[in-house]
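Subject: structure handover

Hi,

Here is the structure I promised to pass on. Have a look at it first, and then read my notes below.

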Amino acid sequence: MRSQDQIQKLINQYSFTLDSGDLKGFAALFKEASWHFDSSDPVHGSKDLYDQVLTRVILYEDGTPRTRHMTTNLDIRVDEEAGRAECQRYVVVVQQADDFPLQVIYSGEYFDEFIRQPNGEWRYSKLTISKPFFGDLSRHLLSRLI
């Protein structure tokens, strides 16, 4: 699989794990990475991401947060020689719950950084989320991130 395809698969896993309610699987994507949200302090590694961020996500009876994270405008740049890659993208999150009609609850600019492992697989090294737009997050998070 081409590097760009592997990276896009990682980006897709970001959405699929979160939207399916697999919060531990989501955190595992950042096992050795830092996660930066706007002006808040960075979170480092899976455990801190889970403890400081993901414990705020509301899960419903079906085990999911009832969200869909949609990624657009992917601009993936790979430096094969250095074993590094970057991606700039937009993310829009929609949510629907029994008492909450389908609506956009969030949008932001994402700057992903990746590093290639000795076995040739890519992993996240850093994610920076900036310029967030907030909708009604009351059915998604127990408390705001910033």
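Let me start with His 69: leaving out residues up to four places away in sequence, it touches Tyr 14, Ser 15, Leu 18, Asp 19, Val 91, Val 92 and Val 93, where a contact means heavy atoms within 4.5 Å. Before I go on, a word on the ground rules: this is a predicted model, so to speak of local features we need pLDDT of at least 70, side-chain atom pairs count only at pLDDT 80 or more, and totals for chains, interfaces and linings use all residues. Numbering runs from 1 along each chain as its sequence is written, and side-chain values use heavy atoms, with hydrogens and water left out.

Back to His 69, which lies in strand E3 (residues 67-79); strands (E, at least two residues) and helices (H or I, at least four) are DSSP runs numbered from the N terminus. His 69 has a relative accessible area of 10%, so it is buried (buried is under 20% relative accessible area, exposed is over 50%, partly exposed is in between, with a 1.4 Å probe and protein chains only). Its side chain makes a polar contact of 2.6 Å with the side chain of Asp 19. By polar contact I mean a pair of N or O atoms within 3.5 Å; within protein, one must be able to donate a hydrogen and the other to accept it, and residues adjacent in sequence count only if both atoms are side-chain atoms.

Now the aromatics. There are 10 aromatic pairs in the structure (rings of Phe, Tyr and Trp, the last by its six-membered ring, with centres within 6.5 Å; stacked is under 30 degrees between planes, edge-to-face over 60, tilted the rest). Tyr 14 and Phe 26 are edge-to-face, because their ring centres are 4.7 Å apart with the planes at 75 degrees. That pair links distant parts of the chain, with Tyr 14 in helix H1 (residues 3-20) and Phe 26, 12 residues apart from it, in helix H2 (residues 23-28). Both residues are buried. Another pair, Tyr 106 with Phe 134, is tilted, at 6.0 Å centre to centre and 50 degrees between the planes. Tyr 106 sits in strand E5 (residues 100-116) and Phe 134 in strand E6, so this pair ties together parts 28 residues apart in sequence. Tyr 106 is buried at 7% relative accessibility, while Phe 134 is partly exposed at 33%.

Tyr 14 turns up again in one aromatic cluster with Phe 26, Phe 30, Tyr 110, Phe 114 and Tyr 124. The charged end of Arg 89 also sits over the ring of Tyr 14, 5.2 Å from its centre, and that of Lys 24 sits over the ring of Tyr 50 at 4.2 Å (the test is NZ of Lys or CZ of Arg within 6 Å of the ring centre and within 35 degrees of the ring normal).

Last, strand E1 (residues 34-37). Which of its faces are covered? Both are: Ser 34 and His 36 on one side, and Trp 35 and Phe 37 on the other, are all buried. E1 pairs antiparallel with strand E2 (residues 43-44) over 2 bridges (pairing needs at least two DSSP bridges), and Trp 35 stands opposite Val 43. E1 also runs parallel to E6, joined by 4 bridges, with His 36 opposite Thr 128.

Cheers
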